[in-house]
Amino acid sequence: MEAFTTHTGRAVPLRRSNVDTDQIIPAHWLKKVTRDGFEDGLFEAWRRDPEFVLNKPERAGATVLVAGPDFGTGSSREHAVWALQNYGFAAVISSRFADIFRGNSLKNGLLTVVLPQSAVDTLWQAVEADPATEITVDLVAREVRCGSFRESFELDDNARWRLLEGLDDISLTLRQEDDIAAYEAARPAFKPRTLTA
Amino acid sequence: MGRTLAEKVWDDHVVRRAEGEPDLLYIDLHLLHEVTSPQAFDGLRKNGRTVRRTDLTIATEDHNTPTLDIDKPIADPVSRTQLETLRKNCADFGVRLHPLGDDEQGVVHVVGPQLGLTQPGMTVVCGDSHTSTHGAFGALAFGIGTSQVEHVLATQTLPMAPFRTMAVTVTGELPDGVTAKDLILAIIARIGTGGGQGYVIEYRGEAIEKLSMEARMTICNMSIEAGARAGMIAPDETTFAYLEGRDHAPEGADREAAVDYWRTLRTDDDAVFDHEVVIDATGLAPFVTWGTNPGQGAPLSDSVPDPASYEDPSERYAAEKALEYMGLTAGQPLREIAVDTVFVGSCTNGRIEDLRAAAAVIEGRSVAEGVRMLVVPGSVRVSLQAVAEGLDKVFTAAGAEWRHAGCSMCLGMNPDQLAPGERSASTSNRNFEGRQGKGGRTHLVSPQVAAATAVTGRLSSPADLETADAAQPMGV
């Protein structure tokens with residue numbers, strides 16, 4: 001995973017709540033067996049509407065998505081995170097994320113930032129008033145900045161450290177081999193096995 | 001202080017606990033399917049890693065598989081490639097696979113329980129959000145992303161930040177004609193699609209205790225639609241009886257030891273939940289959705305709500321967008337909504353009891369003209385059982401299509417899809433825009449409502465059919 005420290009970019013205001021992962025990447029894209037090439041599937045249905053915010057020329061090249069509450073609900077598909085990243089997004093801001101989506105995003109270095117809805121409203125107004133407005137998402141300072149606006153956000157120390165260092169979770173866990181083996185040795189015999197010896 | 005059921009299962013799976021780090025949890029069962037696993041196996045290959053516990057891992061094909069002509073090569077080359085990729089990955093890494101055509105193939109969340117692999121007190125994961133289904137057994141079961149699938153394949157563990165706990169207590173008994181699906185839709189409408197965020201929900205109370213295992217699976221299945229990571233129900237005699245004699249259920253001394261342990265899996269009387277919700281079952285009625293998220297539902301006797309009635313601006317806007325997408329107007333009675341398609345199936349309602357319930361409603365009646373009804377068993381085993389009971393004949397005699405097992409129209413990854421503008425009554429779990437096909441419109445319903453709707457062509461309950469029958473003199 002690539003490390004995430006701080007990012008500054010223009011933003012896309014997505015004034016919708018309950019943006020489910022079926023909207024982010026429709027199911028027919030899930031037949032691919034790679035982690036890339038999902039950019040054209042991002043919000044595919046909504047992008048057929050020329051008025052959809054992502055289609056506006058002034059939003060081209062934007063890298064921060066500012067979304068309504070309950071972003072990423074529904075299916076566990078990690079393809080939703082890949083699609084956002086493949087398209088060019090580095091961070092998503094919302095007042096509430098679905099759990100699985102949030103977990104997936106942090107594992108891929110897509111920073112999901114939880115801000116109060118009032119702060120999201122302020123950012124929406126700022127980037128709608130001037131599409132050239134840039135938003136900075138600073139993981140080191142745990143802060144979002146936009147002009148004179150500043151708002152700190154929470155992210156637990158461990159998740160932040162993994163992101164800042166771009167650490168591979170599996171390598172970290174494999175260092176705990178002794179603990180895993182000890183746990184396995186003590187598992188009850190009645191637990192089921194899928195293969196019979 | 002006492003502990004909740006979820007906390008007990010969690011504590012029993014902690015491999016490593018360290019200050020400032022997420023707990024490392026052991027995973028007892030890892031279920032795989034073709035859609036969320038290819039990139040995970042790829043990761044193993046790139047890093048020269050193996051599957052740590054092939055004996056705790058099982059795969060099936062479900063999301064992509066066709067429900068017609070399964071003996072012929074899969075027409076869609078991309079779907080075919082994905083299934084072939086799973087077959088190669090399972091062969092290369094030594095993972096047990098039930099492919100299309102196998103007697104144990106089916107929707108992953110139907111297959112695990114019917115094999116007896118899902119048991120109380122286990123941790124169960126799968127790259128699929130409806131893994132919450134397995135919580136019906138008192139297992140801690142949750143959906144994970146592909147990075148986590150790779151993590152479990154390589155280490156049989158997951159680092160997990162703690163969940164909060166929520167009790168949903170359902171008091172009283174469900175009235176006649178009200179099903180587990182109606183109950184869970186009513187619960188989601190009550191707590192909202194984000195209400196369960198960060199929580200493991202434990203469903204409890206009289207109405208829950210009286211449910212069969214399959215009905216409990218329907219409840220836990222849709223926990224994710226309330227935003228929860230998992231749903232659980234304490235195991236009891238119903239659970240133990242369901243497991244007895246299944247392929248992978250413990251036997252003899254193992255069973256005794258297991259049941260002794262399973263009996264401890266109850267929330268202690270002095271345990272405290274982080275949040276509690278109480279629902280009175282006696283006031284519930286058949287429930288359907290009118291919008292584009294599963295929280296946008298109402299009793300079938302209601303009308304489409306007026307978006308202006310929502311105080312919260314984001315909910316109001318969501319309701320406006322939903323009505324626009326669904327082609328509905330505020331105030332329209334839900335019973336007047338006409339459908340083109342009825343889908344009975346999915347990990348929510350594709351088990352044998354669901355098929356029996358739908359068949360009982362449609363037996364001796366016919367699917368309305370212009371309506372297409374698809375019945376898709378959740379697994380080959382369910383299908384074989386239904387055929388043995390003659391249910392397939394009941395459906396086909398009524399004019400429904402009897403299909404092969406799989407996820408099918410629940411998510412429209414295979415050819416079973418709605419055309420733009422088409423409307424379905426569906427026993428599945430998600431009414432998102434385009435979920436069942438580009439431009440398709442979905443109303444979530446119980447199997448009984450689905451069958452009654454197929455007969456009238458409009459959203460209906462079985463009671464509506466009896467009223468109509470009574471109005472029609474015999475012999476006419």
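Two strands pair if DSSP finds at least two bridges between them, and helices (H or I, at least four residues) and strands (E, at least two) are DSSP runs, numbered from the N terminus. The structure described here is a predicted model, in which local features need pLDDT of at least 70 and side-chain atom pairs count only at pLDDT 80 or more, while totals for chains, interfaces and linings use all residues. Residues are numbered from 1 along each chain as its sequence is written, chains are lettered from A and ligands numbered from 1 in the order in which they are written, and side-chain values use heavy atoms, with hydrogens and water left out.

In chain B, β16(B) and strand β17 (residues 401–402) pair in the parallel sense over 2 bridges, and within β17(B) the residue B:Trp402 is the bridge partner of B:Val375. Strand β15 (residues 341–344) of chain B also runs parallel to strand β16 (residues 372–375) of chain B, the two being joined by 4 bridges, and B:Phe343 stands opposite B:Leu374 in β16(B).

A further sheet of chain B is open and is formed by 4 strands in the order β11-β10-β9-β12, with parallel pairing. Its edge strands, each of which pairs on one side only, are β11 (230–232) and β12 (275–280) of chain B, and from one strand to the next the twist averages 20°. Strand β9 (residues 164–171) of chain B is joined to β12(B) over 6 bridges in the parallel sense, and B:Ala167 stands opposite B:Glu276 in β12(B). Helix α6 (residues 180–191) of chain B packs on the sheet, where it touches β9, β10 (199–204) and β12 of chain B, and its direction makes about 130° with that of β12(B). Here contact means heavy atoms within 4.5 Å, and axes are lines fitted to C-alpha atoms, for helices over the stretch in contact, with angles that run from 0 to 180 degrees between N-to-C directions.

Aromatic residues were examined next. Rings of Phe, Tyr and Trp (its six-membered ring) pair if their centres lie within 6.5 Å, and planes under 30 degrees apart count as stacked, over 60 as edge-to-face and the rest as tilted. Over all chains, the structure holds 16 aromatic pairs. The rings of A:Phe43 and A:Trp46 are a stacked pair, because their centres are 5.7 Å apart and their planes lie at 10°. The rings of B:Phe395 and B:Trp402 are also stacked, because their centres are 6.2 Å apart and their planes lie at 15°. Ring pairs link A:Phe43, A:Trp46 and A:Phe52 into a cluster. Buried means under 20% relative accessible area, exposed over 50%, and partly exposed in between (1.4 Å probe, protein chains only); A:Phe43 counts as buried at 1% relative accessibility, A:Trp46 is buried with a relative accessible area of 10%, and B:Phe395 is buried with a relative accessible area of 0%.

A charge sits over a ring if NZ of Lys or CZ of Arg is within 6 Å of the ring centre and within 35 degrees of the ring normal. The charged end of A:Lys32 sits in this way over the ring of A:Phe38, 5.5 Å from its centre, and the charged end of B:Arg164 sits over the ring of B:Tyr199, 4.4 Å from its centre.

In chain B, the residue B:Gln436 lies in the loop between β18 (423–426) and β19 (441–444), and B:Gln436 is buried, with a relative accessible area of 0%. Its side chain makes a polar contact (a pair of N or O atoms within 3.5 Å; within protein, one must be able to donate a hydrogen and the other to accept it, and residues adjacent in sequence count only if both atoms are side-chain atoms) with the side chain of B:Ser424, at 2.6 Å. A polar contact of 2.7 Å also joins the side chains of B:Gln436 and B:Thr442. When residues up to four places away in sequence are not counted, the residues that B:Gln436 touches include B:Phe343, B:Met409 and B:Cys410.

Most residues other than glycine have a negative phi. A:Asp70, however, has a positive phi near 60° and lies in the loop between β2 (64–67) and α3 (79–87) of chain A, where A:Asp70 counts as buried at 7% relative accessibility.
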